[in-house]
Amino acid sequence: NEADHLASIHRFKQALERGQAAERYWREQGLAPKSKMVWLYGAIGNAASSLGDAERGESAYRSAIALSTRIHGRPHQETAWFVGLLGSYLVSLGRLEDAEPYVVKGLAMRRELMGESASQTLFAINALSRLRAAQGRTRESLETLDEGIGICSRNAIENDACASLLQTRGRVRLQSGHLSEARADIEAGIALQTTVAGPDSPKVASQFAYLSEVLRREGR
């Protein structure tokens, strides 16, 4: 939909306006629930959260979950995506207790519906590790990351999810003071992300800040 496209090119204010207008029309017309409305809520949530409107962003993600559950009834990949997305968003807001059930359920749903090596499942493993790190449960965070990276390695997977797992493990190790291990992970994450997305990708560029911090703390 148009709101999704505008959000994808970072025109978040316009995306939110178009998305909310489409939502109002849908409600006023009493149209039947469809999956495209679930994704419209997702676009609204993305735009609102990017603009710093946490209340609207959370509300939209919750609406996406509720509507997807209503449409599909039984567990579905679409519902699993938004359950995990809400969990990750709550982690980013620092609402760790609220995030816990969504992060855990999102991973369980994706693992069951898509298998352990699916990109969405690997992103959900990453989300759980970030939650555990934020909770100060560093050992559990690293164990979760080891599991995800092991899945990538065993299945020879090279994608954004595997790069993110390496990058997250590097950051957790950096926070724990394990500098040489952190540098190895971050460098491996940069190399994989470069292969996947190209050398000019913002996903690659953002990781050099963490590599710089490792090198600074190593006295280099």
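Me: What makes two cysteines a disulfide here?
Reply: A disulfide is a pair of cysteine sulfur atoms within 2.5 Å. In this predicted model, the sulfur atoms of Cys-152 and Cys-162 are 2.0 Å apart, so the pair falls within the cut-off and counts as a disulfide. By this rule the count comes to one disulfide.

Me: Why can we say that Cys-152 and Cys-162 tie parts together?
Reply: Happy to explain: Cys-152 belongs to helix α8 (residues 138-154) and Cys-162 to helix α9 (residues 160-175), so the pair links parts that are ten residues apart in sequence. Both Cys-152 and Cys-162 are buried.

Me: What is the handedness of the link between Cys-152 and Cys-162?
Reply: The link is left-handed, with -95 degrees about the S-S bond.

Me: Why does Ile-44 count as buried?
Reply: Buried means under 20% relative accessible area. Ile-44 has 0% relative accessibility, so Ile-44 counts as buried. Ile-44 sits in helix α3 (residues 35-50), and beyond four places away in sequence it touches Leu-16, Gly-19, Gln-20, Glu-23, Arg-56 and Ala-60.

Me: Which residues have the most contacts inside the largest nonpolar core?
Reply: They are Val-103, Leu-122 and Leu-165, in a core of 51 residues. Helix α3 gives the largest share of this core, eight residues. Apart from this core lies another, of eight residues, including Leu-174, Ile-186, Ile-190 and Val-204.

Me: Which residues does Val-103 touch, not counting those up to four places away in sequence?
Reply: Val-103 touches Gly-87, Ser-88, Val-91, Ala-127, Leu-128 and Leu-131.

Notes
Residues numbered from 1 in each chain as written. Predicted model: local features only at pLDDT ≥ 70, side-chain atom pairs only at ≥ 80, totals over all residues. Heavy atoms only, no water. Helix = DSSP H or I, 4+ residues; strand = E, 2+ residues; numbered from the N terminus. Buried < 20%, exposed > 50% of the residue type's maximum accessible area, 1.4 Å probe, protein only. Contact = heavy atoms within 4.5 Å. Core = buried A, V, L, I, M, F, W, Y, C linked by side-chain atoms within 4.5 Å.
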